[in-house]
Structures are given as structure tokens and as C-alpha cells.
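Me: Please take a close look at the salt bridges in this structure, and go through them pair by pair. I would like to know which side chains take part and where they sit.

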Amino acid sequence: MAKIQPLADRVLVRPVAAEEKTIGGIIIPDSAKEKPLRGEVIAVGNGTKDEAMVLNAGDQVLYGKYAGTELEYEGEKFLIMRQSDVLAILK
């Protein structure tokens with residue numbers, strides 16, 4: 001995924017697929033599923049002079065429900081967001 005390089009304090013995140021939920025045999029459609037809040041950092045920018053980059057490619061992260069901008073590249077969906085939109089790193 002080296003073809004997309006985020007700039008400044010931005011990170012490229014691959015969302016983890018939402019789990020299929022069923023309620024009493026009823027499958028909930030994709031439009032009703034919540035947006036995933038967990039993902040894997042694919043690429044990071046260099047940071048800014050005021051904020052060093054603390055995230056690294058490969059980090060598993062949690063982010064806000066409405067964080068980032070969705071984009072699709074070669075048939076795969078990604079989010080690009082500011083480092084400050086990431087809530088936590090999963091260890």
C-alpha cells in the first residue's frame with residue numbers, strides 16, 4: 001500500500017470489517033450496521049513541527065465514529081484521518 005502516502009499529521013487506516021449481526025434469525029442489512037470503530041494503520045505522514053507522529057504502520061487503532069474521510073483505492077476501502085482523530089492504540 002505504498003502508493004498512498006499521507007501528508008503531515010494524517011494516517012491511512014483500513015477499517016476492520018463489521019461483524020455480521022443477526023437478531024432471532026433476521027439479518028441486519030449493511031445500511032443499518034454501525035460503522036466500524038477499529039482499524040489497522042497502513043501508512044502515516046511525517047507529522048508536523050508542532051506534533052510528532054506517534055502512530056506507525058501496522059498499529060491496531062480505535063477511532064471516532066465519524067472520523068476521517070472514506071476513500072476507495074483498487075477496490076479496497078480506507079479512511080484517511082488526522083492522527084488526533086485516533087482515540088487509542090490497541091496493544
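Predicted model: local features only at pLDDT ≥ 70, side-chain atom pairs only at ≥ 80, totals over all residues.

Reply: A salt bridge here is a side-chain nitrogen of Lys or Arg within 4 Å of a carboxyl oxygen of Asp or Glu.

Strand 6 and strand 7 form a hairpin with two residues between them, and Glu74, in the turn, has a positive phi of about 50 degrees. The two strands run antiparallel and are joined by five bridges; in one of the pairings between them, Glu70 has Leu79 in strand 7 as its bridge partner.

Next comes the group around Arg14. Glu40 forms a salt bridge with Arg14, with the closest N and O atoms 3.6 Å apart, and this pair links distant parts of the chain, since Glu40 is in strand 4 (residues 38-44) and Arg14 in strand 1, 26 residues apart. The side chains of Glu76 and Arg14 also meet in a salt bridge, at 2.6 Å from N to O, and here too the pair links distant parts of the chain, with Glu76 in strand 7 and Arg14 in strand 1, 62 residues apart. Arg14, Glu40 and Glu76 are accordingly linked in a network of salt bridges.

As for accessibility, Glu40 counts as partly exposed because its relative accessibility is 26%, Arg14 counts as partly exposed because its value is 28%, and Glu76 counts as partly exposed because its value is 30%. Each assignment follows from the limits used, because partly exposed covers what lies between buried, under 20%, and exposed, over 50%.

Conventions
Residues numbered from 1 in each chain as written. Heavy atoms only, no water. Helix = DSSP H or I, 4+ residues; strand = E, 2+ residues; numbered from the N terminus. Buried < 20%, exposed > 50% of the residue type's maximum accessible area, 1.4 Å probe, protein only. Pairing = 2+ DSSP bridges.
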